[in-house]
Amino acid sequence: MSVSDCIIVPLDVPSELEAIALIEKLPQVTFWKVGLELFVSSGPSILKILNDRQKRIFLDLKFHDIPNTIAGACAAAARYGVDLITIHATCGKEGLQHAQSAMQTSAEQAGLPVPKLIAITLLTSISSRSLAFELKIPLELPEYALHMALLAQASGLSGAVCSPQEVAQLRQSCGDDFTLVCPGVRPTWAEVGDQKRVMTPAAALKAGANYLVVGRPITAADDPVRAFDRICEELS
Ligand SMILES: O=C(O)c1cc(=O)[nH]c(=O)n1[C@@H]1O[C@H](COP(=O)(O)O)[C@@H](O)[C@H]1O
């Protein structure tokens, strides 16, 4: 795996045509993320387009519902032939277990590789202040993120999504086999925007991330190809 394979670029665009244009502009990207904006606007056909081009797919729909509903959604998502699927750890143990087992059964019945179900620990747009004062969570932020990752692991999930600021601690506690995906990644030359807990790509990887999700620093750059190459250079 080359260093560029650990960068996941989100297709955060409002239409399939714009998504295809981005995929074609950046042929060196091997791992794409399909999230809520594109999936809600354009449906699942982008997943076939990515599969046909032999790209890896992170289907980031951040499921959050009761166990029965979440299990059905995960079973359906597993039939798209994607690599990663997200669910909120706040679904709780029963929901996470149902989701994992439904996804596994569904992929196996379809003769497809089982995707990795990964849990959102705490969105990277949430600060310590809003965790305490808006969400009223009485734990320190790193402690909360670790707790959610351990809950996901105890529920049989393959990994978690966390900010790079917590990844070292999660890696140490969850071990090397647990997949850790980090958004909230910002090169020094990029704008932070709505992200609150950020780190540079090199620091995030060094701290223990398996994959980095890097969107606007690449996709909103004047020259996305140069921005992607620059991040790869910084990583190697
Ligand atoms: O699940 C995610 O990928 C995700 C989780 C999270 O906590 N924070 C977060 O930013 N993301 C996603 O990662 C991407 C970050 O994009 P940029 O902020 O443009 O780099 C977006 O597509 C978000 O939906």
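Predicted model: local features only at pLDDT ≥ 70, side-chain atom pairs only at ≥ 80, totals over all residues.

User: Great. How many residues surround the ligand, and which are the closest?
Analyst: There are 18 residues around the ligand, and the closest are P10, T124, P183, G215 and R216. By class, that shell has seven nonpolar, seven polar and four charged residues.

User: Which residues does UniProt list for "active site"?
Analyst: The unreviewed UniProt entry lists D60, K62 and D65.

User: Let's take D60. Where is D60, and what does D60 touch?
Analyst: D60 is in strand β3, residues 56–63. Leaving out residues up to four places away in sequence, D60 touches K33, V34, G35 and T86.

User: Is D60 buried or exposed?
Analyst: D60 counts as buried because there are 26 C-beta neighbours inside 10 Å, and the cut-off for buried is 20 or more.

User: And D65?
Analyst: D65 is found in the loop between β3 and α4. With 15 C-beta neighbours inside 10 Å, D65 counts as partly exposed.

User: Switching topic: which strands does β7 pair with?
Analyst: β7 (residues 179–182) runs parallel to β6 (residues 159–161), joined by three bridges. Two bridges join β7 to β8 (residues 211–213), also in parallel.

User: What stands opposite V181?
Analyst: In β7, V181 stands opposite V161, and in β8 the bridge partner of V181 is Y211.

User: How does the chain cross from β7 to β8?
Analyst: The chain goes through helix α9 (residues 201–206), in a right-handed β-α-β crossover. β6, helix α8 (residues 164–174) and β7 also make a right-handed β-α-β unit.

Terms used:
Residues numbered from 1 in each chain as written. Near = placed C-beta within 6 Å. Nonpolar A, V, L, I, M, F, W, Y, C, P; charged D, E, K, R; others polar. UniProt positions renumbered as here; feature names shortened; annotations may be inferred. Helix = DSSP H or I, 4+ residues; strand = E, 2+ residues; numbered from the N terminus. Buried ≥ 20, exposed ≤ 12 C-beta atoms within 10 Å, placed from the backbone. Contact = placed C-beta atoms within 7 Å. Pairing = 2+ DSSP bridges. Right-handed = clockwise from strand over helix to strand, strands pointing away.
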